[in-house]
Structures are given as structure tokens and as C-alpha cells.
Amino acid sequence: MTLFKYITGANEANINIDMTTPVSTKWHKLEDKKTMMEECFYISEEHQANPPKPSDPEVYLVKRPEMTVSTRQLP
């Protein structure tokens with residue numbers, strides 16, 4: 001819910017950002033054999049040049065290089 005709060009106004013500009021799809025999910029293995037999930041929403045084109053800074057320190061912005069994404073829907 002932390003990331004969802006960011007796109008629904010928990011950011012320094014207090015603005016809502018449309019949620020995009022797909023949502024990128026990355027799993028990290030930690031030293032203690034636990035896993036951590038990193039979830040990423042793509043910021044809509046309207047806000048890409050100057051995305052609002054997150055209010056929550058657990059939310060951070062990452063600039064990724066341009067890429068082609070393939071996705072599928074599971075039943």
C-alpha cells in the first residue's frame with residue numbers, strides 16, 4: 001500500500017498520478033534466506049519529466065532506460 005499511497009497523493013505535490021500497467025515486480029533474495037519484493041509503477045507521461053518526490057522515505061524514484069515490455073495475463 002505504500003506505493004499506492006504515493007500515486008494517490010502522498011507526495012510533495014499532493015497530486016494523484018494515474019496508475020499504469022504493467023506493474024513491475026522484482027524479488028530479491030536476502031542473506032537470511034528471506035525474500036523482499038520490490039514493486040514499480042510506471043509514471044504516466046504527464047509526470048515523467050518532473051515526478052513529484054515521495055513523502056514516505058520507503059518510496060523512491062528510479063529512472064530506467066527505454067525498454068520494450070512483453071506481458072501476459074494469466075487465467
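1. Surface. In this predicted model, the protein exposes about 6,800 Å². Carbon and sulfur atoms supply 51% of that area.

2. Burial. The protein has 75 residues, of which 19% count as buried. Buried here means under 20% relative accessible area.

3. Dimensions. Taken along the principal axes, a box of roughly 40 × 30 × 25 Å holds the C-alpha atoms of the protein.

4. Secondary structure. The protein contains two helices and two strands. Reading from the N terminus, their order is α-β-β-α. Helix H1 covers 2–7, strand S1 covers 24–29, strand S2 covers 35–40 and helix H2 covers 45–48.

5. Contacts along the chain. Consider the contacts between residues at least 6 apart in sequence: 46% of these join residues at least 24 apart.

6. The largest pocket. Its volume is about 1,000 Å³. The lining of this pocket is made up of 32 residues, and those closest to the pocket centre are Cys40, Phe41, Tyr60, Leu61 and Val62.

7. Which elements supply the lining of the largest pocket? Helix H1, strand S1, strand S2 and helix H2 each give at least two residues to it.

8. The residues that line the largest pocket divide into 20 nonpolar, five polar and seven charged. Cys40, Phe41, Tyr60, Leu61 and Val62, the residues closest to the centre of the pocket, belong to residue types that count as nonpolar.

Methods. Residues numbered from 1 in each chain as written. Predicted model: local features only at pLDDT ≥ 70, side-chain atom pairs only at ≥ 80, totals over all residues. Heavy atoms only, no water. 1 Å grid on protein atoms, 1.4 Å probe; cavity = no way out; pocket = protein on both sides within 12 Å on 5 of 7 lines; lining within 4 Å. Points joined across faces, edges and corners; volume = space filled by probe spheres on them. Helix = DSSP H or I, 4+ residues; strand = E, 2+ residues; numbered from the N terminus. Buried < 20%, exposed > 50% of the residue type's maximum accessible area, 1.4 Å probe, protein only. Contact = heavy atoms within 4.5 Å. Areas by Shrake-Rupley, 256 points an atom, 1.4 Å probe, with all protein chains shown as cover.
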